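Subject: Structure for your review

Dear colleague,

Please find below the structure that I am handing over to you. My findings follow directly after it.

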Amino acid sequence: MWGNNMELPKTRRMGVIVEPKVAEVHEEPIGEMGPDDVFVKMLTCNICTTDYQQWDGKRNHMGFPMAAGHEWCGEVIAVGDNVSVYKVGDYVGPCGGRCGHCIPCRMGQPTGCTAPHGPHPIINGYRGGRGFSNFSIRNQDELVKMNKLIPAHLCSFLEPLSAAINGMRKLRAQPGENIVVVGAGTMGMMNALAAHAYGARVIITELSDKKLARARDLGWADVIDSRECDPVEKVFELTDGVGADAVTVCVGLTAAYNQAYKMLKQSDGRFLLFSAGHPKPEMDMDPNEVHYRRSEIIGTIGADVQDVALAAKLINAKLVDAAFGWEGVTYGLKDLQEAYKHATKPDMYRVTVDLQDI
Ligand SMILES: [Zn+2]
Ligand SMILES: [Zn+2]
């Protein structure tokens, strides 16, 4: 039986990128709720870089029309018979789109899903996470509980923080290590927050006044204005001539990759390629140098289930304040086109969409 007696909606309003630069709100049937499903009244969804770059025509990773959106938070309004962890009134966030049946999904690694359609099949002609919807039915396995005392737009940072956690876990961040975060955009800030949560000393390099100010607001990071000094020299100065134990590059630019590699300590430095760049950046890497310096080059995208769980714990316990990644503006779902325009402007942090303002 449903968790309450209210009449559940049969259709939903859903934000769709129909072609580059054009976002519309469409209507589609929600479908039937099964015994393992949770009916979610969607509250907020933040616009990810992957969303607005698709809107902007800079990438096309899902085709059109794309029912974008995966950085959302919602409230449970009904639950299926087999659902015990979630109850009506809970806040929930997404724990990965996945087929749930392939080996990587069973291993808790939905980013590696090998289903022919990937984690997002085409339904009603649309592919995507459908985060920009006013209602949603989700399998209980694809959810994680969020703290209701934290505003929904900040709970919506679950996915970007979990990606940063995945990176820090692969980087094997240790307490007291010197970790350089290159770039203080949204994902740079999430990397800095994750590295700090792992107990590392965080050094941030950045070029933009707005982002430098945001990084300094953290209060615990060493912040380097790369326009005013040689950031490589500065990193060595800050680390008593040793260099960084690890760097995470959160800007998809050739100069950032090349500069970041030089910041590493002479031996056994770890280099995390957190961001891709569009158009594709170059990387000037000498294999012999990687060999002799025993460097590690690590790539990452997305998050595994354990990363989402840890990100939820950190946000819910207020050990991470995701507000450092928020631009401070909210648009109604009905104004999704305007929201995309805002999110695409230079130097933006995450822009929020209010999913009940349809
Ligand atoms: Zn995202
Ligand atoms: Zn799968």
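Which residues are the protein donors of the zinc ion (ligand 2)? They are Cys99, Cys102, Cys105 and Cys113, each through its SG atom, at 2.3 to 2.4 Å from the ion. Please bear in mind throughout that this is a predicted model.

**The zinc ion (ligand 2)**

The donor residues of this ion follow the spacing C-x2-C-x2-C-x7-C in sequence. Two of them, cysteine 102 and cysteine 113, are 11 residues apart and link distant parts of the chain. Cysteine 102 sits in the loop between strand S5 (91-94) and helix H2 (103-106), while cysteine 113 belongs to the loop between H2 and strand S6 (135-139). The arrangement around the zinc ion (ligand 2) is tetrahedral because its four donor atoms subtend angles of 103 to 116°, and four donors count as tetrahedral if all angles lie between 85 and 135 degrees. Cysteine 102 has a relative accessible area of 11% and is therefore buried. Cysteine 113 is likewise counted as buried, at 14% relative accessibility.

Cysteine 48 is buried, its relative accessible area being 7%, whereas histidine 70 counts as partly exposed at 24%. Glutamate 159, which lies in helix H4, is also partly exposed, with 23% relative accessibility. Leaving aside residues up to four places away in sequence, glutamate 159 touches His70 and Glu71.

**Domains and their interface**

The protein chain is divided into domain 1 (11-150 + 318-354) and domain 2 (164-299). Taken over C-alpha atoms, the centres of the two domains are separated by 29 Å. In the interface, 15 residues of domain 1 contact 14 residues of domain 2. About 1,300 Å² is buried between the two domains, with 57% of that area on carbon and sulfur atoms. On the side of domain 1, Phe324, Asp347 and Tyr349 lose the most area to domain 2, and together they account for 52% of what that side buries. Two salt bridges are counted between the domains.

**Salt bridges**

Side chains of opposite charge can pair when their charged atoms come close. How many salt bridges does the structure hold? The count is 26. One of them joins arginine 172 and glutamate 296, with the closest N and O atoms 2.7 Å apart. Arginine 172 is in the loop between helix H4 (158-171) and strand S8 (178-182) and glutamate 296 is in strand S13 (residues 296-299), so the pair ties together parts that are 124 residues apart in sequence. Arginine 172 is partly exposed at 41% relative accessibility, and glutamate 296 is partly exposed at 27%.

A salt bridge is also formed by the side chains of glutamate 177 and arginine 270, at 2.8 Å from N to O. Glutamate 177 lies in the loop between H4 and S8 and arginine 270 in strand S12 (residues 270-273), so parts that are 93 residues apart in sequence are tied together by this pair. Both glutamate 177 and arginine 270 are buried.

Further pairs include lysine 210 with glutamate 327, whose closest N and O atoms are 2.8 Å apart. Glutamate 289 forms a salt bridge with arginine 293, again with 2.8 Å between the closest N and O atoms. Here glutamate 289 is partly exposed at 30% relative accessibility, and arginine 293 is buried at 10%. Finally, Arg12, Glu28 and Arg130 are linked in a network of salt bridges.

Yours sincerely

Notes:
Residues numbered from 1 in each chain as written. Chains lettered and ligands numbered in written order. Predicted model: local features only at pLDDT ≥ 70, side-chain atom pairs only at ≥ 80, totals over all residues. Heavy atoms only, no water. Donors = N, O, S within 2.8 Å, 3.2 Å for Na, K, Ca; no water. Tetrahedral: all angles 85-135°; square planar, octahedral: opposite > 155°, others 65-115°. Helix = DSSP H or I, 4+ residues; strand = E, 2+ residues; numbered from the N terminus. Buried < 20%, exposed > 50% of the residue type's maximum accessible area, 1.4 Å probe, protein only. Domains from an automatic or database assignment. Contact = heavy atoms within 4.5 Å. Buried area = accessible area lost by both parts, 1.4 Å probe. Salt bridge = Lys/Arg side-chain N within 4 Å of Asp/Glu carboxyl O.
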